[in-house]
Amino acid sequence: MKVIGINGSPHAAGNTRLALDLMGEVFQAEGMDFEVLHVGKSLAPCTGCFRCAKTHSCVLPDDGLNALYETLVQADGIVFASPVYFASVTSGMRCFMDRIGCIDMNNGRKLRFKVGTPVTVARRAGAVNAIDELVHYLNYAQMVIPGSLYWPLAYGNSPGELEQDAEGVQTLQVLAQSMAYLMKVMAAGQTQLPPPELPKKRYTNFIR
């Protein structure tokens, strides 16, 4: 089994990466492969053209987004991690989620029933707001979200400070354990009970 960690920070080796690495140690101890993808400052924003509804891929100039999506499709679990600067996810993470969400919505919802979790890292406040943003994306993708001993967040300012947040570190570790368990349960259960078929979505426009 494989877990992908999405690092939405513009800094490839900051506290958000450390949070993912702490979880990665648990995944690897559970016999799972773990890989971190850094998306914090390399992606253009979604333009809302919805041409992906016909092409089933993003038509913007190639910046690696379509390849990232295919990597997520092959994963069993995904950790969406972002630092918090202004009580929200980073602009890089928002670009990633908007475009991935749009592709997935128009490509058979291939992220459906994968195990996914938000993780945020903050100096002080705003982490729960950012978690809420990420949960909206995960719910819309019909991903399964595990829990932990606390909200999935940790605190730290300068790189490495996160390790001093003992409760945050434990929360991330237990979250990874919960993810690993849920992935194993779902993998075993789907052999006996396949997922329900996905109906064609009905759209209701309130202004015409």
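**Close-up views of a predicted model**

Figure 1. The 24 residues of helix 6 should span 34 Å at 1.5 Å a residue, and the C-alpha atoms at its ends are 34 Å apart, which agrees. Helix 6 covers residues 166-189.

**Figure 2. Buried residues of helix 6 and what covers them.** The buried residues of this helix are G168, V169, T171, L172, L175, A176, M179, A180, M183 and M186. Residues three or four places apart in an α-helix point the same way, because there are 3.6 residues a turn. The cover over the buried residues of helix 6 includes helix 1 together with strand 1 (2-7), strand 3 (77-84), strand 4 (115-122) and strand 5 (153-155).

**Figure 3. Packing of helix 1 against helix 6.** The angle between the axes and the distance between the axes describe two packed helices. For helix 1 (residues 15-29) and helix 6, the axes cross at roughly 45° and come within 9 Å. The two helices are therefore oblique to each other, and helix 1 passes helix 6 in a right-handed crossing. The contact of helix 1 with helix 6 has 12 nonpolar and two polar residues, with no charged residues. From helix 1, the residues in this contact are A19, L22, M23, V26 and F27. They meet V169, L172, Q173, L175, A176, Q177, M179, A180 and M183 in helix 6.

Figure 4. T16 has 4% relative accessibility and so counts as buried, the cut-off being under 20%. With neighbours within four places in sequence left aside, T16 is in contact with N7, S9, A81, S82, P83 and V121.

**Figure 5. Packing of helix 3 against helix 4.** Helix 3 (residues 65-74) and helix 4 (residues 91-105) have axes 10 Å apart and pack at an angle of about 65°. These helices are therefore roughly perpendicular to each other; the class runs from 65 to 115 degrees. Helix 3 passes helix 4 in a right-handed crossing. By class, their contact has seven nonpolar, one polar and two charged residues. L65, N66, L68, Y69 and L72 are the residues from helix 3, and they meet F96, R99, I100, I103 and D104 in helix 4.

**Figure 6. T47 and F50 in the loop between strand 2 and helix 2.** This loop joins strand 2 (33-38) to helix 2 (52-55). T47 counts as exposed because its relative accessibility is 56%, with exposed meaning over 50%. The C-alpha atoms of T47 and L60 are 8.7 Å apart in space, and the two residues are 13 residues apart in sequence. F50, in this loop as well, has 47% relative accessibility and therefore counts as partly exposed. The phi of F50 is positive, near 60°, in a residue other than glycine.

**Figure 7. Backbone at A87.** A87 is located in the loop between strand 3 and helix 4. Although A87 is not a glycine, its phi is positive, at about 60°. A87 counts as partly exposed because its relative accessibility is 37%.

Key. Residues numbered from 1 in each chain as written. Predicted model: local features only at pLDDT ≥ 70, side-chain atom pairs only at ≥ 80, totals over all residues. Heavy atoms only, no water. Axes fitted to C-alpha atoms, helices over the stretch in contact; angles between N-to-C directions. Helix = DSSP H or I, 4+ residues; strand = E, 2+ residues; numbered from the N terminus. Parallel < 35°, antiparallel > 145°, perpendicular 65-115°, else oblique. Left-handed = near helix turned anticlockwise from the far one by under 90°. Contact = heavy atoms within 4.5 Å. Nonpolar A, V, L, I, M, F, W, Y, C, P; charged D, E, K, R; others polar. Expected span 1.5 Å × (residues − 1). Buried < 20%, exposed > 50% of the residue type's maximum accessible area, 1.4 Å probe, protein only.
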